[in-house]
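Trainee: Take me through this model, and for each label say what it rests on.

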Amino acid sequence: MIEVGPQRYRESFGRYYEEFVVGDVYEHRPGRTITETDNTWFTLLTMNTHPAHFDFEFAKKTEFKKPLVCSPLTVAIMTGQSVSDVSQKSVANLGWKEIRLLKPVFAGDTIYSETEVLEKRESGKRPEQGIVTIKTIGKNQHGEVVCDFVRVMLIWKRGFGPVDD
C-alpha cells in the first residue's frame, strides 16, 4: 500500500524491476475454478472448434471420457492469476516460451498458480526498464502440476512509468 494522505492509503499491485529477486517464489491467490461455461465461451471467443472441448458425446469416445478445458484457457488463467503480483508494473510481455501441458484440465478443476523469478537484467536500450524472466506453474486442486510456462516481461524501474500516480 501507498500512503497518499493522513490515514489514507491506496492499494499497490505489482513489483518494480528492483523488487524482483532471482529464486523468489510468489504464490498467487485466489484459485480459479473453471466452469463448463468458461470453457464453452473461451472456445467460441477463440474460434477453437475442436469438439473435444465442448461436445460431450464426442468427448465420451476419447481417453478422457469428458470434455477437456481448452489449453489456452488454462494458460490465460494462470497468466491472469500472476498479473497483480508480477506484471502489474510491466511495460509489455515480451513472450511466452516452454509452455508445457502436463495433465488434462476439466470443468470443475480449480487452478492455483505460483511464479518463480528465474532471471533479471537491465534493458540495454531502455535505462528506465529491466527484463525479468519468470516461470509460472499451475496446479489443480489435488496439487498436481497441470501446466507450466516461462514468460519474459519488460518491467518499469521505480520512479519511472505511468504507475502509482
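Mentor: A strand here is a DSSP run of E with at least two residues, numbered from the N terminus. The model is a predicted one. Strand S1 (2–5) and strand S2 (8–10) are two such runs, and Gln 7 lies in the loop between them.

Trainee: Which peptide bond is cis, and what is its omega?

Mentor: The bond joining Arg 29 and Pro 30, with omega at about 10°. Pro 30 is found in strand S3.

Trainee: How do you know that S3 and S5 pair?

Mentor: Pairing needs at least two bridges, and six join S3 to strand S5 (residues 110–122), so the two count as paired. They run antiparallel. Tyr 26 stands opposite Thr 115 in S5.

Trainee: What is the strand order of the open sheet?

Mentor: The order is S3-S5-S6-S7-S4, five strands with antiparallel pairing.

Trainee: Why are S3 and S4 called edge strands?

Mentor: Because strand S3 (25–33) and strand S4 (90–101) each pair on one side only, where a pair takes at least two bridges. Neighbouring strands of this sheet are turned by 25° against each other on average, direction ignored.

Trainee: What does H3 touch when it packs on the sheet?

Mentor: Helix H3 touches S3, S4, S5, strand S6 (129–139) and S7. The direction of H3 makes about 45° with that of S7.

Trainee: Why are H1 and H3 called roughly perpendicular?

Mentor: The axes of helix H1 (residues 36–46) and H3 cross at roughly 105°. That falls in the range of 65 to 115 degrees, so the two helices are roughly perpendicular to each other. Their axes come within 9 Å. Asp 38, Asn 39 and Phe 42 of H1 meet Pro 72, Leu 73 and Ala 76 of H3. By class, these contact residues are four nonpolar, one polar and one charged.

Trainee: What lines the largest pocket?

Mentor: The lining has 13 residues, and Val 69, Ser 71, Leu 101, Lys 103 and Pro 104 lie nearest the centre. Helix H3 (71–87) and strand S7 (145–156) are the elements that give two or more residues to this lining. By class, nine of the lining residues are nonpolar, three polar and one charged. The volume of the pocket is about 200 Å³.

How values were computed: Residues are numbered from 1 along each chain as its sequence is written. This is a predicted model: local features need pLDDT of at least 70, side-chain atom pairs count only at pLDDT 80 or more; totals for chains, interfaces and linings use all residues. Side-chain values use heavy atoms; hydrogens and water are left out. On a 1 Å grid over the protein atoms alone, a cavity is a set of points where a 1.4 Å probe fits but cannot get out, and a pocket is an open set with protein on both sides within 12 Å along at least five of seven lines; lining residues have an atom within 4 Å of a point. Grid points are joined across faces, edges and corners, and a volume is the space filled by probe spheres set on the points. Helices (H or I, at least four residues) and strands (E, at least two) are DSSP runs, numbered from the N terminus. Ala, Val, Leu, Ile, Met, Phe, Trp, Tyr, Cys and Pro count as nonpolar, Asp, Glu, Lys and Arg as charged, and the others, Gly among them, as polar. Axes are lines fitted to C-alpha atoms, for helices over the stretch in contact, and angles run from 0 to 180 degrees between N-to-C directions. Angles under 35 degrees count as roughly parallel, over 145 as roughly antiparallel, 65 to 115 as roughly perpendicular and the rest as oblique. Contact means heavy atoms within 4.5 Å.
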